[in-house]
Amino acid sequence: SRDAGDEDPDRESCPAQSEMAVAEQLAERLQLDSFTSLDFVRHYWNDVFTNFLRDYTKGLTPNPDLPCNRFVKFGHLYDYAFRRAPDRAAANDLLATGHYARIRQRRPGLSGPRLLRGLDRHKDQSYFLASVPPERLDRVVFPCGLLHKETVVELARKCNLTAQGQVSSRGICFVGKRKSVPDFIRSYAGLPPQPGRVIDVDTGYEVRQHNGEALFWTVGQRARLGGQLERYFVVAKDIELGDVWVCRGGNHPALHVRVVRGHQVSEPLQSELGETPRRVLARLGSREPLQACSARLVDGDTVWLEFDESRRRVSAGQAIVLYDAADAETCLGSALVDTDPLRAANR
């Protein structure tokens, strides 16, 4: 079972050839009639990687896992299973993946399918599946979503389905252990250094200059500024000018917002929201706790969130995932943050 868990730093994140060998080995143990290897590299490149590269170089904080699930796993893989190979796909065939999430299938009088959180709260992956259209879940099952990770590991061991030396993966698979994401992006895209200023948000004075590395810092993270007596944190970035605004101390008001605006609202979420505010629970990061807020849809493709309590770390491009306040198990959909933290803090 591969998931967004812990990673061994001495291994590559995506050892494709070794994982293929393990998959073939397990298929043989299960006595499957056939084993088929599919290559979606070109699809991943077009639907995920190029957009990730574009957004990251703009100073955004994209998460490639959401579009990978939407366009590759439950897009091209789904199409292959049920549309491009109709001679192989029987009416009762299902697509099973190892995601820690659940699906409530369509029932008479109820809408569906609906994406639900996994029972194992530490491994819940509904955040990464939130942009998948509901109709793409109607023939999908998540067996691991009904179990805790420890139970899955024990069942695999009892059935002799464990893979020697296999570890869970985490992070961006195409970056691997070779370098940090900023280093990877700069070297891969051939980006020249873009110098700029690091500016104190309170005084407007220049703290220091940078050679471009600061533009890849994430809003809310500690700014790596050597020789400073106080800790500075990233508040906002101006990619065109090359300026990065920072504040002193992790509890500075500029790091906290009550209002967040999102765009690229997923189809499931568009159908759930309207102009009248709805009580929801929001998660802006796969490991963050759910936070109560009110959400409303504006102009069809913009969502406004007003949180009950101020929150931190709002980065443009970050995924917003909403859950039903009346039923926290139900995932409503996703959007992408496009709020300027400075402006949101002053609303």
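**Aromatic pairs, a bent helix and a barrel**

Ring pairs link Phe-52, Tyr-56 and Phe-216 into a cluster; rings of Phe, Tyr and Trp (its six-membered ring) count as a pair if their centres lie within 6.5 Å. The model is a predicted one, where local features need pLDDT of at least 70, side-chain atom pairs count only at pLDDT 80 or more, and totals for chains, interfaces and linings use all residues. Residues are numbered from 1 along each chain as its sequence is written, and side-chain values use heavy atoms, with hydrogens and water left out.

In total, the structure holds 6 aromatic pairs. A pair of aromatic rings is described by the distance of the centres and the angle of the planes: planes under 30 degrees apart count as stacked, over 60 as edge-to-face, and the rest as tilted. Phe-52 and Tyr-56 make a tilted pair, at 5.5 Å centre to centre with 35° between the planes. These two sit 4 residues apart in helix H2, about one turn of the helix.

Helices (H or I, at least four residues) and strands (E, at least two) are DSSP runs, numbered from the N terminus. Helix H2 covers residues 41–57 and bends by about 35° at Phe-49; the bend is the angle between axes fitted to the seven residues ending there and the seven starting there. The buried residues of H2 include Phe-49, Phe-52 and Tyr-56. Just after H2, Gly-59 takes a positive phi of about 90°.

Now for the strands. A barrel is closed by 6 strands in the order S9-S12-S11-S10-S13-S14, with antiparallel pairing; two strands pair if DSSP finds at least two bridges between them. Strand S13 (residues 319–324) is joined to S14 by 5 bridges, and the two form a hairpin with 6 residues between them. Val-321 has Ser-334 of S14 as its bridge partner. In strand S14 (residues 331–337), 6 of the 7 residues are buried, so it is largely enclosed by the rest of the structure.

Note on methods. Buried means under 20% relative accessible area, exposed over 50%, partly exposed in between (1.4 Å probe, protein chains only).
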